[in-house]
Amino acid sequence: MASILLTLLVPCLGSRIMSTSDSDPFSGFQLFGPWTASSAGCTSTGWKGKYSIYGGAVEILSLEVGPESTTFTFNSELVSQAQESSEDSFVADWFRMQGPTPNDKVKEFFCNGASVGSVAFRLSIVKACDFWSPASLQSLCPALAQVDSEVDEEIEEPESAVVDPFEGV
């Protein structure tokens, strides 16, 4: 029965939520209701998105993705509730992730959180995990691709520690 349900859900949800052409990690996201992006896309420094719920009545999240880190700015009331709560849940931990967080830590957080919640919520989390992969970020916006080329330029070929026993023979 479960496999039949997943077979029916994956074509409906999977193509929309897990599409590789979709460059918004939270489009179709469901937490406190469906999220609506008021703005999302590339900037001169990376990628930026603003999200609200209840048809735009409540702003829930603003995020900025840079080459090295992501800054989450959540609705202050939600952050207050998460900080007061001793609850150890995926959502509470995410709301505590205020300010800049290294992109590899963000990816790890979403990739490890994919086992919680409803099927739609888990598919949304998998999509966020995929979004923060280095390959995805580098192909998303020119400013996010620059970090890799800067690193490549700085890397020098190390001297070989292997000694050739036949050198000079």
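These legends go with a set of close-up views of one predicted model.

Residues are numbered from 1 along each chain as its sequence is written, and side-chain values use heavy atoms, with hydrogens and water left out. Because the model is predicted, local features need pLDDT of at least 70 and side-chain atom pairs count only at pLDDT 80 or more, while totals for chains, interfaces and linings use all residues.

View A. The strands line up in the order 1-2-3-4-5, with antiparallel pairing (strands are DSSP runs of E, at least two residues, and helices are runs of H or I, at least four, both numbered from the N terminus; two strands pair if DSSP finds at least two bridges between them). Strand 1 (36-42) and strand 5 (99-102) sit at the edges with a single partner strand each, so one side of each has no neighbour in the sheet. On average, neighbouring strands are turned by 15° against each other, direction ignored (axes are lines fitted to C-alpha atoms, for helices over the stretch in contact, and angles run from 0 to 180 degrees between N-to-C directions).

**View B. Strands 3 and 4, with helix 4 packed on the sheet.** Strands 3 and 4 run antiparallel and are joined by five bridges. Here V65 stands opposite T70 in strand 4. Helix 4 (residues 103-112) touches strand 3, strand 4 and strand 5, and its direction makes about 80° with that of strand 5.

View C. T70, in strand 4 (residues 69-74), counts as buried at 0% relative accessibility (buried means under 20% relative accessible area, exposed over 50%, partly exposed in between, with a 1.4 Å probe and protein chains only). Its side chain makes a polar contact of 2.6 Å with that of N103 (a pair of N or O atoms within 3.5 Å; within protein, one must be able to donate a hydrogen and the other to accept it, and residues adjacent in sequence count only if both atoms are side-chain atoms). Leaving aside neighbours within four places in sequence, contacts of T70 include L63, P100, V106 and W132 (contact means heavy atoms within 4.5 Å).

**View D. The salt bridge between K48 and E64.** The N to O distance is 3.9 Å (the rule asks for a side-chain nitrogen of Lys or Arg within 4 Å of a carboxyl oxygen of Asp or Glu). K48 in strand 2 and E64 in strand 3 (residues 58-65) are 16 residues apart. K48 is partly exposed at 37%, and so is E64 at 41%.
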